[in-house]
Amino acid sequence: MSDIETKLAAARTRLILDKPFLGALVLRLPMVAANPNWCATTATDARKFYFNPDYIDSLSLDQTQFVLAHEAMHCALSHFARRGHRVKKRWDVACDFAVNPLLVQDGLKPPPGALVLDLYFGMAAEEIYPCIDDNNTDEPMDDHVYDGEESGEGGGSQQGENPEPRQGTKSGEEDPETGSSQRPPQADEEESRGSGASQPPPLSASERESLSSKWQQY
């Protein structure tokens, strides 16, 4: 196990001991080293926790706990299934403003760049979204890769149930219902060379519905 993986495992264990609710949610997200070409910090597709090793290396253990809990809360709150026709960038910012004050209130230490405003404490992303100006320059602290720029009602893709991956991504992520994987051989070859996992494709409408139900159970 690398030093980065050891650090993540230690942060997750501390969450389980100190914050059992958050720790139980974090356990539902396998930790995967991502290719830094697309993942500058951390990311989630509602199935896994993706991380840039250099970014995790720059954080303290307390901050590492925060980023783990941050991704788990996006999933637990089904942010991946609630965007509807809202603009992705504004929705992503609203979701970060909804999650981060909750974690700070719970005693976790945010990393540099985390969006935190006491004004939004206890507000849902849908309530925060209208407060975000069209020209707002805030950036989420992570990548929300569960959907693309286009979104249908309820967050589903307008390209149908099985959208093609965005340019620069590879298909083959594990199916949330069957658990099967159709990863192309070249994707495994890239990861074996240490380049990190490629960016997963956006979730289809059926995947969103299935994962939302699972996270509500969790």
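The legends below describe close-up views of a predicted model.

Residues are numbered from 1 along each chain as its sequence is written, and side-chain values rest on heavy atoms, with hydrogens and water left out. Because the model is predicted, local features need pLDDT of at least 70 and side-chain atom pairs count only at pLDDT 80 or more, while totals for chains, interfaces and linings use all residues.

**View 1. The chain and its elements.** The secondary structure comprises eight helices and four strands, taken as DSSP runs numbered from the N terminus (helices H or I, at least four residues; strands E, at least two). From the N terminus on, these elements follow the order α-α-β-β-β-α-α-α-α-β-α-α. Of the 218 residues, 50% count as buried, where buried means under 20% relative accessible area, exposed over 50% and partly exposed in between, with a 1.4 Å probe and protein chains only.

**View 2. The largest nonpolar core.** A nonpolar core is a set of buried Ala, Val, Leu, Ile, Met, Phe, Trp, Tyr and Cys residues joined through side-chain atoms within 4.5 Å; the largest one has 33 residues, of which I56, F80, L103 and W215 touch the most other members. At least two residues of this core come from each of several elements, including α1 (3-18), β3 (49-51) and α5 (88-105), and α4 gives the most, with eight. Apart from this core lies another, of twelve residues, among them A94, Y120, A125 and I132.

**View 3. Surroundings of I56.** With neighbours within four places in sequence left aside, I56 is in contact with I4, K7, L8, T42, F51, T64 and V67, contact meaning heavy atoms within 4.5 Å.

View 4. Helix α8 has 13 residues and reaches 19 Å from its first C-alpha to its last, close to the 18 Å expected at 1.5 Å a residue, the expected span being 1.5 Å times one less than the number of residues. Its buried residues, among them L211 and W215, pack against α2 and α4. The ring centres of W215 and Y218 lie 5.1 Å apart with planes at 85 degrees, so the pair is edge-to-face (centres within 6.5 Å, six-membered ring for Trp; planes over 60 degrees apart). W215 is buried at 3% relative accessibility, whereas Y218 is partly exposed at 39%.

**View 5. Two arginines over Y129.** The charged end of R90 sits over the ring of Y129, 4.2 Å from its centre, and R86 lies over the face of Y129 at 5.8 Å from the ring centre. The criterion is NZ of Lys or CZ of Arg within 6 Å of the ring centre and within 35 degrees of the ring normal.

Note on methods. Phe/Tyr/Trp six-rings, centres within 6.5 Å; stacked < 30°, edge-to-face > 60°.
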